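Subject: Structure for you to look at

Hello,

Here is the structure I promised you. Please open it beside this email and follow along.

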Amino acid sequence: MITSFSKFIVSSLPVHDNAVKNIIFHAATIMLQISITKFFAFLALRSNYYTSYLMFSENIIKKAVFAASRKFRPQALLVLLFAIAFSASNLYDTLLWALDSPGYIIHSSTVTAEDASNNMLTSPSYINFISNPTRNLDDINVDESLTGNLYKSGFNFTFPEIIPSSNKPAFTSSQPFELAGPRIWLDEEGLSVSVDQFQSITTQVYCPTVVSGAALVWKCVFPNHNGSEMLTQLYGQPLIWWDNETDSKYLSMSRKDNPWQSLGTGGDTAVMKQVFTVTKGNSRHTFLETVVKVTMVSINPPRLDDGEITELIRRTWSPDPTQPIDNATQSLADFIVGAQANGTSASLGSYIGLADNASVFAASIELLHPTQTVTVNDDPLYALLRISSTNITYIGSETLPESVQPLEPCNYYYENLAFGGKVTKTDCYRSLQANQTGARFLGQLDSSAITILTDIIGDGSQATNDGALNATGWLWYTDNQDRIDSLLLSRGITLGGNPTTVSIEVKTTVPAISYLQVLLVVLPLILAIIALLTMMKDHGGYYSSSFLSALSATTHISSDSCTKLPFASAPPDIRLKYVGQHVVLQTGNGDTVTLVNSGELSPYLVSSEPLLSDNKEV
């Protein structure tokens with residue numbers, strides 16, 4: 001195979017099967033061999049080298065013996081050149097194969113994920129990772145990262161861009177905003193989804209929220225030793241309310257195989273996205289969640305630079321990060337810097353519901369100074385600034401043919417837990433609702449697809465804002481975010497939704513040849529035609545026929561004319577006859593083919609039989 005960008009050399013003409021391609025190339029080889037044979041036969045005809053012509057059909061050893069016996073005179077050289085040319089022509093189809101560039105074309109067809117289900121792995125992964133260990137963003141292939149470990153090896157496919165449904169939930173809040181907070185309402189009974197609304201609350205810290213427009217906001221300071229528990233909170237757990245009567249439940253993550261269970265707590269800088277579904281009865285609702293966490297930390301000294309704090313807040317909270325800090329953002333930065341100056345920890349943030357009832361959003365800034373568990377003072381071990389945001393967007397709803405069924409019986413309020421579309425367990429064992437009156441099966445939660453981005457947008461172990469939030473990495477993320485969301489939605493809906501709604505572009509390789517190969521296939525055919533035309537000068541046909549045909553005609557064993565051999569005729573019946581210690585050729589009618597002296601020949605035979613003529617060939 002060769003590599004070229006020339007349209008003349010690149011494979012572009014489909015032949016649909018390598019068997020067809022092989023036949024074409026082999027036919028070209030046969031045409032070339034015919035051309036060579038006829039060309040050298042013509043040379044033998046012009047020189048009256050009939051013995052040389054007969055040697056063309058012998059094996060290589062006999063050709064060599066002939067050449068040696070003739071001491072490499074012209075007759076021998078003709079045979080040698082023919083042997084070289086004919087042997088080389090056997091490699092002509094190999095040459096044609098070697099000119100593949102690359103020998104195939106990519107044929108694309110669009111099918112649904114349901115149509116391709118027979119190519120799916122038995123246990124496809126619902127978690128994928130996009131990482132940058134080499135610190136080279138050019139090494140990242142988003143499509144490969146998000147389509148891997150889904151279909152069988154060799155199944156070449158891509159997910160086209162998916163356009164999320166423009167349908168919005170038709171229900172609105174049935175509870176006061178100050179009590180319910182921002183949610184995505186899904187039915188009249190109170191089924192709803194929201195971000196975690198308890199980020200500002202632990203057993204040691206309580207930051208009350210107040211209503212501010214369409215948001216719940218909080219801002220508070222607290223002693224350093226009370227902030228350690230906030231580091232154990234897991235970001236990115238959606239809250240689910242099944243109705244207005246039951247308590248909310250988290251869409252929990254699996255500790256067995258989900259690294260976000262640990263990466264979502266504490267420090268570090270990372271991004272987590274997931275597609276999840278909530279199914280109640282026969283209604284399934286799909287959502288896309290994005291969690292971004294940026295951390296800046298200083299251990300020695302356990303204090304962050306005020307300017308670095310302000311700059312990181314400006315870059316993450318300003319309406320336009322490319323502009324100088326605005327007054328509102330400056331006020332937030334001053335609050336955090338002031339808390340550090342006072343030797344305390346601080347937390348502020350908001351829960352926001354968008355007007356279209358299709359998205360909920362949470363954002364927070366936390367300055368934490370963890371201390372030793374047992375301490376006589378409030379001296380911190382290190383200083384940590386953690387900025388996070390969580391967005392949950394409604395994608396769409398669908399009606400299933402049948403209502404979802406519980407995996408197992410349970411005496412409490414409980415739900416099925418699925419991962420990648422496969423129900424593996426229930427949460428019956430950890431149902432903590434105090435009032436279990438009317439306990440029942442609530443529905444099903446499915447973490448259909450998750451991707452985690454690390455070592456891309458920053459390093460959470462740095463004490464500078466540039467290190468915590470890398471400008472180049474963040475720009476790469478914002479440029480690729482739409483494609484990541486599209487791929488993750490396609491993967492999530494394929495695994496945990498309706499695969500008939502997901503299009504897959506399947507790519508198959510089709511054998512093809514180039515225009516150069518076509519030229520080299522046609523060329524031997526043209527040469528063969530030319531060679532056949534030149535052999536029309538062989539009026540007797542002896543240089544186009546076998547020695548058996550010549551023998552049959554010249555000895556009149558057959559009824560063929562000896563002045564012009566036919567192109568094809570039935571060969572005579574010739575047997576070997578043993579006469580004493582000699583072997584002779586015997587015809588079908590019992591005659592013997594033998595050699596007689598030239599003096600015994602009739603004038604007719606002398607003038608008419610080329611094999612018995614006085615024109616001797618050496």
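First, a term: two strands pair if DSSP finds at least two bridges between them. Keep in mind too that this is a predicted model.

Now try the term out. Strand β21 (residues 582–587) pairs with β20 in the antiparallel sense, over six bridges. Look at Leu576 for an example: its bridge partner in β21 is Leu585. Next, widen the view. The open sheet here has three strands, in the order β20-β21-β22, with antiparallel pairing. Which strands stand at the edges? They are β20 (574–579) and β22 (592–593). Each has a single partner strand, so one side of each is left without a neighbour in the sheet. As background, strands of a sheet pair through backbone hydrogen bonds.

On to the cores. In soluble globular proteins, nonpolar side chains tend to be buried together. In this model, the largest nonpolar core has 98 residues. Among those with the most contacts inside it are Tyr151, Trp260, Phe287 and Trp476. Helix α12 (residues 471–496) gives the most to this core: eight residues. There is also a second, separate core of 34 residues, including Leu45, Tyr50, Leu54 and Ala550.

Zoom in on Phe287. Setting aside residues up to four places away in sequence, Phe287 touches Ile184, Leu186 and Val193, among others. Its partners also include Gln274, Thr393 and Tyr394.

Then find the largest pocket. About 740 Å³ of space lies in it. How many residues line the largest pocket? The count is 32, and Val292, Ser389, Trp474, Tyr477 and Gln481 lie nearest its centre. By class, the lining has 17 nonpolar, 11 polar and four charged residues. Helix α12 turns up again: the largest share of the lining, nine residues, comes from α12. Other elements that each supply at least two lining residues include β12 (283–298), α9 (306–317) and β15 (383–399).

One last stop: Ser252. This residue is in the loop between β10 (249–250) and α8 (260–263). Is Ser252 buried or exposed? The cut-off for buried is under 20% relative accessible area. Ser252 has 17% relative accessibility, so Ser252 counts as buried. Leaving aside neighbours within four places in sequence, Ser252 is in contact with Gln237, Phe419, Arg430 and Ser447.

Best wishes

Key:
Residues numbered from 1 in each chain as written. Predicted model: local features only at pLDDT ≥ 70, side-chain atom pairs only at ≥ 80, totals over all residues. Heavy atoms only, no water. Core = buried A, V, L, I, M, F, W, Y, C linked by side-chain atoms within 4.5 Å. Buried < 20%, exposed > 50% of the residue type's maximum accessible area, 1.4 Å probe, protein only. Helix = DSSP H or I, 4+ residues; strand = E, 2+ residues; numbered from the N terminus. Contact = heavy atoms within 4.5 Å. 1 Å grid on protein atoms, 1.4 Å probe; cavity = no way out; pocket = protein on both sides within 12 Å on 5 of 7 lines; lining within 4 Å. Points joined across faces, edges and corners; volume = space filled by probe spheres on them. Nonpolar A, V, L, I, M, F, W, Y, C, P; charged D, E, K, R; others polar.
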